[in-house]
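Please read the numbered points beside the sequence and the coordinates.

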Amino acid sequence: MTGRTFVTVGAGQTAAVAARTLRRRGFDGRIVLVGDERHAPYQRPPLSKEFLSGADTLDALAILPPQWCADNDVEIITDTAVLRVDAPSGSIEVAGRPALPADAVLFATGGQPRRLTVPGPRPDLVHYLRTIDDAQRLQRTLTPGRRLVIIGAGLIGLEIASTAATLGVQVTVLEASDVPLSGVVGARVGSEIARVHRDRGVAVQTGIGVDGVYTTTDGVVITCADGTSVHADAVVIGIGITPNTAVAAASGLEVERGIVVDAQGRTSIPNVYAAGDVASRFSARAGRHVRHEHFDNANRQGAAVANAMLGRDAVNDDAPWFWSDQFDHNLQMLGAATTDLVLRGDVDAFDFTAFYLDGDILRGVFTVDRGEDVMVGRELLGRSIERAVLEDEDTDLWELVDSEEVAS
């Protein structure tokens, strides 16, 4: 053993990937993951889909099985809050426990749902979805014929809507913008996603601001900005997350819309790093600090920062990518959405790829059930491609990668 100790503040996806990477890269010191949830590291994406529907079990969500932790000497401390990191002394203050020594610290504290004040006698009818416990509470609500209102038509809101509707729940989605997900995939693609939900019986209401929510003895009332009200048996509030930066701030780290880090995940204090949802990382690709809240980012940055902790040059600045399963469709988005797009496939049948262009430069790719187009899109991003070639279903996109028709 080297005698060095690496500690993660937070015990989610990013921390788990970092721990695995450290061991794979030969680090033989002590590794400790400290999380404030009562569960060991688990995958969050299935919470709104397979786990919520009952198709997945708790065991299926686990990232670091107990046997792996035992074999690799990785300690996981759950249900425990970190109060502060004193980097100069190499000490981590933990609630109700002796301080932990650390030679390097990774902040992987993630985020928490933005909340609304909801008065009334039945707080149990108000739901958020971030944790296993949240999902288990919501599961009990999703019975056929019940009325569920979801505030917010982001990815989480629409995934919950598709799961609930498939289970026979009457679902209404209230979205303040005119088109769901327009800021992520653009208005045209967002309108097609909304259409699929409406075709499956989900009442997607857009341009609807919410003035307030309150519970009664037997339900929930949502008051809208246009003066109308919507009544339901339960409500899910899905209006985004805020990064968990309180411990970082208490520890003297620079915080601005997340924990500010350089391209390698290093904070303003030596030997302290941050990655995942909470990290505002400098991206040379974007020319600014960015903060992504996707599973893929947690994986990639967890691995990259683990390498940086070992003194390796491990910048990862790949284009952002995420996926979403809604009803029987797999949606994927790579890169950035622009207002100029080329469509390939059958949009009416919801079987298509959208290529986002800046002039003739490919900036992003969105697919419905066409994951291979995303794979080739990774190779083509930032390159000049003729619109007619992208539109043509008979063109093998892989042939473009080395084609003279594509200029770097």
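1. In which loop is Thr267 found? Thr267 sits in the loop between β18 (259-261) and β19 (272-274). Strands here are DSSP runs of E with at least two residues, helices are runs of H or I with at least four residues, and both are numbered from the N terminus.

2. Some conventions apply throughout. The model is predicted, and local features need pLDDT of at least 70, side-chain atom pairs count only at pLDDT 80 or more, while totals for chains, interfaces and linings use all residues. Residues are numbered from 1 along each chain as its sequence is written, and side-chain values use heavy atoms, with hydrogens and water left out.

3. The surroundings of Thr267 can now be described. Thr267 has a relative accessible area of 12% and is therefore buried (buried means under 20% relative accessible area, exposed over 50%, and partly exposed in between, with a 1.4 Å probe and protein chains only). Its side chain reaches the backbone nitrogen of Ile269 at 3.2 Å, and a polar atom of that side chain lies 2.8 Å from the backbone oxygen of Val272. When neighbours within four places in sequence are left aside, Thr267 is in contact (heavy atoms within 4.5 Å) with Leu253, Ile259, Val260, Val261, Val272, Tyr273 and Ala274.

4. Which strands form the open sheet, and in what order? Five strands take part, in the order β3-β2-β1-β7-β19, with parallel pairing (two strands pair if DSSP finds at least two bridges between them). β3 (74-77) and β19 stand at the edges with a single partner strand each, so one side of each has no neighbour in the sheet. From one strand to the next, the twist averages 20 degrees.

5. Within this sheet, strand β7 (residues 104-107) deserves attention. Ala104 and Leu106 point one way from β7, Val105 and Phe107 point the other way, and all are buried. Strand β1 (residues 5-9) runs parallel to β7 and is joined to it by four bridges, with Val7 opposite Val105. Three bridges pair β7 with β19, also in the parallel sense; here Leu106 has Tyr273 as its bridge partner. Tyr273 is also among the contacts of Thr267.

6. A helix accompanies the sheet. Helix α1 (residues 13-24) lies across β1, β2 (30-34), β3 and β7, and runs at about 175 degrees to β2. Axes are lines fitted to C-alpha atoms, for helices over the stretch in contact, and angles run from 0 to 180 degrees between N-to-C directions.

7. Is strand β23 (residues 329-335) largely enclosed or left open? Six of its seven residues are buried, so β23 is largely enclosed by the rest of the structure. Strand β22 (residues 321-326) pairs with β23 in the antiparallel sense over six bridges, and Asp325 stands opposite Asn330. Strand β26 (residues 361-368) is joined to β23 by five bridges and runs antiparallel to it; there Val365 stands opposite Leu334.

8. Phe327 belongs to the hairpin of β22 and β23, which has two residues between the strands, and takes a positive phi near 55 degrees. At 18% relative accessibility, Phe327 counts as buried. Asp79, in the loop between β3 and β4 (82-86), has a positive phi near 55 degrees. Asp79 is exposed, with a relative accessible area of 56%.

9. How many cavities of 30 Å³ or more does a search of the whole structure find? The search finds two. On a 1 Å grid over the protein atoms alone, a cavity is a set of points where a 1.4 Å probe fits but cannot get out, and a pocket is an open set with protein on both sides within 12 Å along at least five of seven lines; lining residues have an atom within 4 Å of a point. Grid points are joined across faces, edges and corners, and a volume is the space filled by probe spheres set on the points.

10. The largest cavity holds about 100 Å³ of space. Its lining includes Arg281, His292, His294, Asp318 and Trp321, and helix α10 (residues 295-309) supplies the largest share, four residues. The second largest pocket holds about 210 Å³. Of the 13 residues that line this pocket, Ala40, Pro41, Leu58, Asp59 and Ala62 lie nearest its centre. Helix α3 (residues 58-61) gives the most to the lining of the second largest pocket, with three residues.

Definitions and conventions:
A polar contact is a pair of N or O atoms within 3.5 Å; within protein, one must be able to donate a hydrogen and the other to accept it, and residues adjacent in sequence count only if both atoms are side-chain atoms.
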